[in-house]
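Thanks for coming. I will go through one two-chain model and keep to its geometry. Here it is on the screen.

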Amino acid sequence: MIAAALLAQSDNGFFRERTDSCVTDNGFCPGWFFGHIDRYTTPFLQHVFLVVVSVGIGFAIAFVLAVTAHRRRWLVGPVTNITGILYTLPSVALFFLLLPITGRGNVTAIIALTGYTLLILFRNTLAGLDSVPEDARDAGRGMGLTERQLLWRVELPLALPAIMAGLRIATTTTVGLAALAFFAGAGGLGEPLEAQKAFKTNVVFAGGLCVLLAVVLDAIILIVQRFMTPWTRAA
Amino acid sequence: MTVTASIFSTFGDALDFIVQPRTGRGGGEVGGLSNNLQLIWEHLKLCIVAMALATAIALPIGLWLGHTRRGAFLAVSVSNIGRAVPAIALLFVFFAFLGAGFANVALALTLLAIPPILTNAYVGVREVDPDAVDAARGVGMTGLQILRRVEFPLAVGLIFGGIRTSAVNVVATATIAPLAGVVTLGDPIINPSIYGEEGRLGGAILVALLAVLTEVSLAAVQRAVTPRGLRMQSSGRTPRGRLIASPRRRVTTTP
């Protein structure tokens with residue numbers, strides 16, 4: 001009894017049943033996964049939390065930067081370079097570079113993950129704004145819109161498909177990077193993935209959950225986009 | 001004040017680890033320039049093998065798909081799936097099914113590197129001005145000649161952009177290779193029980209530098225291989241090879 005409890009603890013909370021021959025032989029056992037799905041719920045929810053918060057903050061920052069740079073072109077170069085360097089830094093390295101400053105936990109993970117979304121979101125938002133036809137702008141001005149009204153009523157709606165495309169790319173990328181967030185002590189699906197990395201069933205299903213999350217979030221954004229751009233459906 | 005000081009001393013210790021050898025917690029000598037250079041070399045070796053394999057596989061397929069202007073679905077799917085599968089999951093799937101070791105990790109990294117190369121080669125060749133291709137056909141070039149002499153030179157910037165994206169990604173991901181039994185520059189990061197906390201931070205600094213250096217040097221190569229007439233256009237780099245819906249830059253028509 002005590003031995004079993006110790007074993008369970010020493011195994012990072014993952015205790016393989018010795019009776020199941022599929023598991024002891026390290027086969028591929030979907031039955032085991034569905035019997036122990038509760039071990040993945042907390043990491044899964046942490047993963048969702050990290051992705052949603054990071055992409056949300058990243059979008060807010062990138063949006064402001066892109067709208068500003070759209071009017072003040074000299075900002076494009078510096079912002080692209082700085083976010084580009086952030087994007088180049090390997091996430092594992094960035095987690096540990098931030099650790100002495102922000103400590104272990106969600107804050108470090110979210111700062112790093114947010115950093116990775118900036119380049120994609122900034123570029124796409126800016127490209128979307130730049131792709132608005134000059135005719136549409138002129139028509140808006142002709143109707144007496146101020147610059148601010150022009151931005152919110154003409155440019156942003158027309159830029160929406162490109163902005164949403166950026167959001168989709170940033171989201172799926174962040175789902176993948178958040179699998180490394182356990183290095184920063186922020187949990188996520190990387191934790192169960194790494195805890196039993198030699199156990200086939202575990203790696204396939206924990207990895208599969210990441211892919212599933214990416215696909216579902218992608219689909220949600222696509223659906224939101226459809227609702228936000230009713231005019232694209234008429235064609 | 002003390003917090004700032006302690007942060008500085010933490011980073012100072014890490015820099016010290018990079019240049020000064022010391023006895024690791026496991027007994028052996030760790031840190032110092034020669035040990036770290038050894039790790040950097042192991043890291044690069046893994047990346048070079050993976051990149052060579054990935055380029056040999058993905059480049060011909062991407063070029064051919066772009067040349068025939070078919071397989072848009074395949075190219076986009078490969079890029080989407082590649083983005084959705086976390087690198088660490090890919091690494092562990094290879095580890096669990098094939099075991100530890102250089103070859104298996106190199107294969108996992110190869111798979112990771114393929115999508116950006118394939119997609120960029122496909123997009124690059126497909127986006128070549130159809131008039132240029134028609135002209136080449138008009139002077140009697142064969143399909144292969146058109147690909148080699150017209151489409152490839154015009155697309156080379158974008159093609160190399162894909163390779164660069166993959167390379168940076170592979171250098172980053174090789175950091176976690178020690179989890180699958182290959183000692184790379186990620187080893188000090190992943191095994192602080194041997195290298196100590198200063199080794200962990202030192203390793204992170206080195207990995208970050210290596211990635212930035214890879215990016216900067218490949219960007220320079222990309223600029224060098226791009227035909228002069230095309231250099232003013234966009235860098236042709238999609239972040240980690242992902243297809244960004246990129247409307248062509250609008251030509252300003254303000255009077």
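Predicted model: local features only at pLDDT ≥ 70, side-chain atom pairs only at ≥ 80, totals over all residues.

Residues are numbered from 1 along each chain as its sequence is written, with chains lettered from A and ligands numbered from 1 in the order in which they are written.

Now chain A. By that definition, α6(A) passes α7(A) in a right-handed crossing. Helices here are DSSP runs of H or I with at least four residues, strands are runs of E with at least two, and both are numbered from the N terminus. Helix α6 of chain A covers residues 91-102, helix α7 of chain A covers residues 106-130, and they pack at about 135 degrees with their axes 9 Å apart. The axes are lines fitted to C-alpha atoms, for helices over the stretch in contact, and angles run from 0 to 180 degrees between N-to-C directions. That angle makes α6(A) oblique to α7(A); under 35 degrees counts as roughly parallel, over 145 as roughly antiparallel, 65 to 115 as roughly perpendicular and the rest as oblique.

Which residues of α6(A) meet α7(A)? They are Ser91(A), Leu94(A), Phe95(A), Leu98(A), Leu99(A) and Thr102(A). Contact means that C-beta atoms, placed from the backbone, lie within 7 Å. The contact of α6(A) with α7(A) divides into nine nonpolar, four polar and no charged residues. For these classes, Ala, Val, Leu, Ile, Met, Phe, Trp, Tyr, Cys and Pro count as nonpolar, Asp, Glu, Lys and Arg as charged, and the others, Gly among them, as polar.

Ser91(A) also gives a distance: its C-alpha atom and that of Gly142(A), 51 residues apart along the chain, are separated by 48 Å. Gly142(A) is in helix α8 of chain A, residues 134-142. Gly142(A) counts as exposed because it has 8 C-beta neighbours inside 10 Å. Buried means 20 or more other C-beta atoms within 10 Å of a residue's own, exposed 12 or fewer, and partly exposed in between, with C-beta atoms placed from the backbone.

Chain B next. Chain B has nine helices and two strands, and 49% of its 255 residues count as buried. Helices α7(B), residues 143-173, and α9(B), residues 192-225, pack at about 170 degrees, axes 9 Å apart. Therefore α7(B) is roughly antiparallel to α9(B). That contact has twelve nonpolar, four polar and two charged residues.

Arg69(B) lies in the loop between α2 (33-68) and α3 of chain B. Its phi is near 55 degrees, a positive value in a residue other than glycine. Most residues other than glycine have a negative phi. Arg69(B) counts as exposed, with 12 C-beta neighbours inside 10 Å.

Last, the two chains together. Between them, 41 residues of chain B are in contact with 44 residues of chain A. The largest share of the chain B side, nine residues, comes from α9(B). That side divides into 29 nonpolar, five polar and seven charged residues. Ala89(B), leaving aside neighbours within four places in sequence, is in contact with residues including Ala179(A), Leu193(A) and Cys210(A).

Definitions and conventions:
Contact = placed C-beta atoms within 7 Å. Left-handed = near helix turned anticlockwise from the far one by under 90°.
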